Amino acid sequence: LAVVSGSGNLDPKIPMFDQGETEDVKPLIYTTKNGNGNLSKNFENRAEIVTSDASQVDLPYVLKDLFDRGVSVVLAEGGPSLNHQLIEAQLVDELCLTISPLLIGGESEGILNGPLLPHPNRFQLNGLATQDEFLFCNYLLKQDLYCS
């Protein structure tokens, strides 16, 4: 299990970090120097902290590090800013969207938050499923890669 947090503002009481004290394999937290200052005292025995020197977490490095550790599949459940960074760095080859029949309003940034992408990715529908009135959509990156 790995978490990306540039700020390091994480709650050490989250159950996934309880296992780090007793297990041989601790959760990973990828962060920045700034975030490391927030994490070092609360997560010392709960997680392995991997720090980037940049102002943002180096996402290509994160994937390389995970693959070097034997991880073969990465599922990113990020917020709009992390999703934008992943797409911008061309690190997404599959997109899963869930559509809910509940409209609640409010302020939303959508699934991506950041400047317009110079080369938007084109995905093609790979599968649909339904459960309890929810629609689950699975898209794969098209071979031609970019929208025209």
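Leucine 28 touches Leu1, Ala2, Val3, Glu48, Val50, Leu66 and Arg69, leaving aside residues up to four places away in sequence. The model is a predicted one. Leucine 28 sits in strand 2. It counts as buried, because its relative accessibility is 8% and the cut-off for buried is under 20%. Glycine 105 lies 77 residues from leucine 28 along the chain, and the two C-alpha atoms are 35 Å apart.

Now step back to the whole chain. It has 148 residues, and 25% of them count as buried. The C-alpha trace spans about 45 × 35 × 35 Å along its principal axes. The chain contains 4 helices and 6 strands. Their order along the sequence is β-α-β-α-β-α-α-β-β-β. What share of the contacts between residues at least 6 apart join residues at least 24 apart in sequence? The share is 58%.

Next comes the sheet around leucine 28. Leucine 28 belongs to strand 2, and strand 2 covers residues 28-32. Three strands form an open sheet here: the order is 1-2-3, and the pairing is parallel. Strand 1 (2-4) and strand 3 (48-52) are the edges. Each of these two has a single partner strand, so one side of each has no neighbour in the sheet. On average, neighbouring strands in this sheet are turned by 20° against each other, direction ignored.

Look at the two pairings in turn. Strand 1 and strand 2 run parallel and share 3 bridges. In this part of the sheet, valine 4 stands opposite tyrosine 30 of strand 2. Strand 2 and strand 3 are also parallel, joined by 5 bridges. Here isoleucine 29 faces isoleucine 49 of strand 3. How does the chain get from strand 2 to strand 3? It passes through helix 2 (residues 33-39), and this β-α-β crossover is right-handed.

Helix 3 (residues 59-68) lies across strand 1, strand 2 and strand 3. Helix 3 runs at about 155° to strand 2.

Return to strand 2 for one more residue, threonine 31. Is threonine 31 buried or exposed? It is buried, because its relative accessible area is 0%. Its side chain reaches the backbone oxygen of serine 5 at 2.6 Å.

Last, the cysteines. A disulfide is a covalent bond between the sulfur atoms of two cysteines. How many disulfides does the structure hold? It holds 0. Cysteine 96 is in no disulfide, and its nearest cysteine sulfur belongs to cysteine 137. The cut-off for a disulfide is within 2.5 Å. The two residues also sit in contrasting surroundings. Cysteine 96 is exposed, because its relative accessible area is 54% and the limit for exposed is over 50%. Cysteine 137 counts as buried, because its relative accessibility is 6%.

Definitions and conventions
Residues are numbered from 1 along each chain as its sequence is written. This is a predicted model: local features need pLDDT of at least 70, side-chain atom pairs count only at pLDDT 80 or more; totals for chains, interfaces and linings use all residues. Side-chain values use heavy atoms; hydrogens and water are left out. Two strands pair if DSSP finds at least two bridges between them. Axes are lines fitted to C-alpha atoms, for helices over the stretch in contact, and angles run from 0 to 180 degrees between N-to-C directions. Contact means heavy atoms within 4.5 Å. A crossover is right-handed if, with the strands pointing away from the viewer, the path from the first strand over the helix to the second runs clockwise. Buried means under 20% relative accessible area, exposed over 50%, partly exposed in between (1.4 Å probe, protein chains only). A polar contact is a pair of N or O atoms within 3.5 Å; within protein, one must be able to donate a hydrogen and the other to accept it, and residues adjacent in sequence count only if both atoms are side-chain atoms.
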